[in-house]
Amino acid sequence: EDALLPAPLNISIISTNMKHFLTWSPVIVQGETVRYSVQFQGEYEREYANESWIPICECSFITTTVCNITEDISATVAYNLRVRADVGARRSKWGTLKGFFNRITTSLTPPLMKVIADGYHLLVELEDMGPAFQFCVFYWKKGQENRMQQKVVKEVSSVVHLDTMEEGPDYCAKAQTYVEVINRSSDFSQTQCVRAQGGRSVWL
Amino acid sequence: SGELYCSLPNPRNVHFESVNMKNVLHWSAPEGTGDGVLYKVKYLVYGVGKWIRKPECKNINRTWCDLSSETSDYEEQYYASVKAFLNGMCSDWIETTRFNPLTDTKIDPPMVSVSSTEKSISIILTAPENWKRGPEGESVSLLQVYPGLQYNVSVLNKKTKKRWWFSVSNNTLVVPHLEPGTAYCVSAQIYVTTPLLHSGFSKEYCIATLKDKTA
Amino acid sequence: LTAGNKIFRFGACRVSVSATEIRSGFTAIKSNIQARDPIRTLSILSYPHSLHKVKSSDRCCVAHHLFNFYVDRVFKHCKTEDSYVNRKISSIANSFLSVKRKLGQCHEQNKCTCGQESTEKFKQILANYEGLNVTSAAIKSLGELDILLDWM
């Protein structure tokens with residue numbers, strides 16, 4: 001009787017900026033192509049649906065050892081995940097993620113931001129990080145950190161207008177992301193300062 | 001029972017087309033029937049017991065029927081149905097999918113009016129008017145229907161070709177500190193977060209700031 | 001457009017609901033689910049009166065009952081042969097579970113009291129539900145999720 005196929009090991013989650021990936025170590029079978037299938041189980045399934053598991057069809061019988069589970073981790077509850085291997089007619093047991101995964105633990109990186117002065121206008125360019133993200137942009141006159149102003153940017157569309165500037169003083173800004181569905185913010189980006197001068201913008 | 005022999009091919013693609021809550025039922029003529037086909041229309045408030053005939057759309061030869069008045073309560077959902085008749089034969093009643101005016105309507109872009117001074121432009125945004133029962137009919141503004149309605153506004157400096165974006169919830173925006181004698185073009189979009197809806201962008205409205213009198 | 005939360009205020013009870021995520025999950029399966037419900041003349045949530053007729057003082061209790069109803073009785077009977085639809089139902093069910101918990105806490109803290117009218121309204125909803133066989137009732141209830149979301 002063929003030796004039982006070992007279950008995948010080292011199953012773990014890599015979750016950054018609300019993008020969640022399940023990874024595992026490859027199962028090695030000389031001269032054979034091993035295929036993997038992934039299933040998930042939310043808290044609802046555990047408590048109300050007889051602990052049922054739901055297959056992720058994009059990660060059924062795949063040869064890679066990574067699966068993008070972002071679309072299925074779409075509630076802020078604890079999820080279970082498992083993987084098994086198949087070679088021909090041989091099938092391994094399920095390898096299950098140690099502990100649960102809740103998207104509230106995703107790591108949030110500071111946003112890429114560019115502060116621009118266009119004449120007397122203070123603007124900011126932010127990267128689009130997906131629908132879950134808003135940006136809190138703080139800006140102030142250099143030296144007047146105690147009079148910091150804040151703007152929440154929900155719609156990232158290239159250059160966003162923050163405010164108008166007086167001629168002379170430097171204006172500084174920094175930004176952090178905010179994810180409403182998990183109620184968490186990233187660290188701040190680097191502070192950047194600019195100065196308005198008539199029609200020309202000046203970088204500092 | 002005088003019921004006609006229903007072997008006529010069915011009307012096709014029976015669906016609501018809704019813009020600013022003006023809800024019009026549309027369909028295509030049955031395959032291969034040519035001219036002379038007449039239609040009847042009925043509708044139903046979902047969850048309420050009976051289909052209601054639309055008299056103004058009885059024995060019509062056009063392939064649309066305005067049901068705005070009948071579907072004006074956007075807290076309800078609806079079905080509509082069409083039957084075709086030709087030479088003593090008829091088709092089956094063919095229904096729409098369930099129609100939810102609140103989420104299934106398309107919103108037109110806002111109207112944009114722009115004025116300028118030497119160093120600023122003022123923008124007034126007007127959301128499109130909702131469907132009205134008639135010229136004197138009472139109109140419900142989109143703002144009442146969608147309390148979270150906001151505007152995305154883009155301002156393009158024609159000289160530098162730089163575009164700035166503003167997100168505003170009231171309907172006016174003043175952009176100060178601009179360059180005199182410079183053309184700026186403004187375009188705007190409506191967006192609603194619950195339910196998730198957004199209009200297309202309005203066409204661009206361009207205006208020049210006045211020339212600097214002291215120069 | 002941000003997949004944002006919405007803070008629902010039911011009197012003293014404040015509950016954050018990932019409304020946009022729930023709605024986009026529902027929109028993805030709406031026509032599939034509603035096509036499985038042939039009964040046009042009966043609504044689980046809107047018969048005989050629309051949810052919009054619920055007094056504001058009763059809103060919290062009705063919401064509390066409804067989220068319990070969907071989690072406890074509806075989703076488990078909505079399994080389909082379509083794995084994409086099942087995944088979306090799971091996503092909605094898990095989101096409803098976290099809202100159900102928050103409303104439950106409000107209820108325990110007496111911020112979500114139930115009056116006569118809200119109890120009557122919910123009894124009517126259960127009567128509508130129990131008037132059909134369980135699978136038809138569950139699929140119809142799921143197909144009416146936008147009625148609940150529009151009301152909230």
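Predicted model: local features only at pLDDT ≥ 70, side-chain atom pairs only at ≥ 80, totals over all residues.
Residues are numbered from 1 along each chain as its sequence is written, chains are lettered from A in the order in which they are written, and side-chain values use heavy atoms, leaving out hydrogens and water.

**The sheet in chain B**
- An open, antiparallel sheet is built from three strands of chain B in the order β9-β10-β13; strands are DSSP runs (E, at least two residues) numbered from the N terminus, and two of them pair if DSSP finds at least two bridges between them.
- β9 (111-116) and β13 (172-175) of chain B are the edge strands, each with a single partner strand, so one side of each has no neighbour in the sheet.
- β9(B) pairs with β10 (residues 121-126) of chain B over six bridges, in the antiparallel sense.

**Where chain B meets chain A**
- Contact (heavy atoms within 4.5 Å) links 11 residues of chain B with 12 residues of chain A.
- Together the two chains bury about 1,100 Å², 57% of it on carbon and sulfur atoms; this is the accessible area (1.4 Å probe) lost on being put together, summed over both.
- One salt bridge is counted between the chains (a side-chain nitrogen of Lys or Arg within 4 Å of a carboxyl oxygen of Asp or Glu).
- B:Lys162 and A:Asp118 meet in a salt bridge at 3.9 Å, N to O.

Terms used
Helix = DSSP H or I, 4+ residues; strand = E, 2+ residues; numbered from the N terminus.
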